[in-house]
Amino acid sequence: MSILVLIYTLNQIDRSNVAAARLRGFEEDLGLMGQQFNTILGVLYVGYALMQVPSNIFLDKIGRPSIYIPTCMAIWGLTSVLMGTMKGFIGVACTRFVLGFVEAPFYPGALFLLSKWYKRREVGQRTAVLSCGGMFSAAFGSLLASAILDGMDGVMGQAGWRWLFYLEGSATVFVAIFAIFVLPDFPVTTSYWLTAEEQALARLRMDEDEMEDFESGESGLKQALTDWKVWWLALELTIMGFFLSFGLFFPTLSATLGYSPTVSLLLCAPPWLFAACAAYFMSRHSDQAGERFGHITVSILVGIMGFLMAMATMNTAVRYLSLFLMTQSVAAVVIFFAWVSNSITRSPSKRAVALAFVNGVASLGSVGGSYVWQKSWGPSYHGSFTICIGAGVTSIIMSWIFRRHLMKLNQEIEVKGEAYLL
């Protein structure tokens, strides 16, 4: 798990460092105008969406995440380094598209890898631990960005934001090489660090957890795309993308507190550390209780409370407190991904496609979310918060409908002693 968390931390740092660069001359040096910065943020998720399903299908066939994921990681690290050399909008936009394309295999692939090793009642906590990497990146990434932007500005005639891409991308490449020797494969393909008896035990654990309601002989792609649950979950996660779009502009929201760029970046860390703790403990309790809907709903409602507080006042203390309530709502998505994995049958190929499809389609929410936080709406961002609140309420309603459907399915399969987690 630790290597996956580290990879995800670097994944998120390389994806979001452009938000930190914005505070230190990124837009001015590249001559960006109007909505071009928003486009730079959003275009990454276009490439991200396109690659996820093909990637997980390929990963399911080769069964070697220890080779595939680090290779993709090294490529996205080099792409991030390349970002630091760009001179204008077109170059940055194209590079961001490629970055999304090569980053796409990691997260759905990591979820698929976890679902091959852990049972349905175990996967929620492990998904939370993995997702903590994203929150650690938001916390420590802002601290690292602050140090690089201040300490490297002007070194060798290069702006600090260019060094941000050079150094963070290089770190990713280094870890990718290390990950090849540490990252495990699937239980059926891992052999160099498990005995034959341990491999058999790992396979037996997952066989005992199967829910055999899939059609054998059908491709995983067909099984996934003909299951309406997959489409419903993808649509809901897309809407959640709008709800969580504040994360794309978090340094900008921190800057509305009125402090310098350096202090604004430092203030980003505590809310995301709080979010990591909240996500871990809520996911752990969700696993122990065998319940998903209530935990998702509570997290979203607390996030909506944060949006309302930020809309009500520009008071520095209240607005900073609201950032803590907003960030903890990431726990809802962490638990939601566990719910997706739990609610898809144990056909490995179908689950691989479904996880990638849901996450890939949901990336469109991040594309749209990139335009929710328009510069002209600041510093209060009332319109942006209103959109997020609407998306949160819609997500709760969709989760409730899905829960009702699972309750009906549980009644039908009760005689088999199997059940979907609600």
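Mentor: Let us begin with a pair of helices. I7, L10, N11, D14 and N17 in helix 1 meet I69, M73, W76 and S80 in helix 4. Contact here means heavy atoms within 4.5 Å, and helices (H or I, at least four residues) and strands (E, at least two) are DSSP runs numbered from the N terminus. By class, the contact of helix 1 with helix 4 comprises five nonpolar residues, three polar and one charged. For such classes, Ala, Val, Leu, Ile, Met, Phe, Trp, Tyr, Cys and Pro count as nonpolar, Asp, Glu, Lys and Arg as charged, and the others, Gly among them, as polar. Please note that this is a predicted model, in which local features need pLDDT of at least 70 and side-chain atom pairs count only at pLDDT 80 or more, while totals for chains, interfaces and linings use all residues. Residues are numbered from 1 along each chain as its sequence is written, and side-chain values use heavy atoms, with hydrogens and water left out.

Trainee: At what angle do the axes of helix 1 and helix 4 cross?

Mentor: Axes are lines fitted to C-alpha atoms, for helices over the stretch in contact, and angles run from 0 to 180 degrees between N-to-C directions. Helix 1 (residues 2–21) and helix 4 (residues 65–83) have axes that come within 11 Å and cross at roughly 30 degrees. Helix 1 is therefore roughly parallel to helix 4; angles under 35 degrees count as roughly parallel, over 145 as roughly antiparallel, 65 to 115 as roughly perpendicular and the rest as oblique. The crossing of helix 1 with helix 4 is left-handed, a term used if the near helix is turned anticlockwise from the far one by less than a right angle, with right-handed used if clockwise.

Trainee: How do helix 1 and helix 5 pack?

Mentor: Their axes are 11 Å apart, at an angle of about 160 degrees, helix 5 being residues 89–103. The two helices are therefore roughly antiparallel to each other, and helix 1 again passes helix 5 in a left-handed crossing. In this contact, N11, D14, R15 and V18 in helix 1 meet R96, L99 and E103 in helix 5. The residues divide into two nonpolar, one polar and four charged.

Trainee: How many helices and strands does the protein have, and what share of its residues is buried?

Mentor: The protein has 19 helices and zero strands. Buried residues make up 59% of its 422 residues, where buried means under 20% relative accessible area, exposed over 50% and partly exposed in between (1.4 Å probe, protein chains only). Of the contacts with a separation of 6 or more, 80% are between residues 24 or more positions apart.

Trainee: Which residues have the most contacts inside the largest nonpolar core?

Mentor: A nonpolar core is a set of buried Ala, Val, Leu, Ile, Met, Phe, Trp, Tyr and Cys residues joined through side-chain atoms within 4.5 Å. The largest one has 123 residues, and those with the most contacts inside it are F26, F106, L130, F246 and W373. Helix 17 (residues 330–343) gives the most to this core, with 10 residues. Leaving out residues up to four places away in sequence, F26 touches V18, A21, L32, F37, I40, V92, W161 and F165.

Trainee: Where is G392 found, and is G392 buried or exposed?

Mentor: G392 lies in helix 19 (residues 382–413) and is buried, with a relative accessible area of 0%. Neighbours within four places aside, G392 is in contact with F243, I300 and I304. G392 and G303 are 89 residues apart in sequence and 8.3 Å apart in space, C-alpha to C-alpha. F402 is also found in helix 19, and at 0% relative accessibility F402 counts as buried. Beyond four places in sequence, F402 touches K229, W232, L233, W339 and S343.

Trainee: What is the phi of M156, and what is that of Y381?

Mentor: Most residues other than glycine have a negative phi. M156 has a positive value, near 55 degrees, and the phi of Y381 is positive too, near 55 degrees. M156 is in the loop between helix 7 (120–151) and helix 8 (160–179), whereas Y381 is in the loop between helix 18 (348–369) and helix 19. M156 is exposed, with a relative accessible area of 70%; Y381, at 6% relative accessibility, counts as buried.
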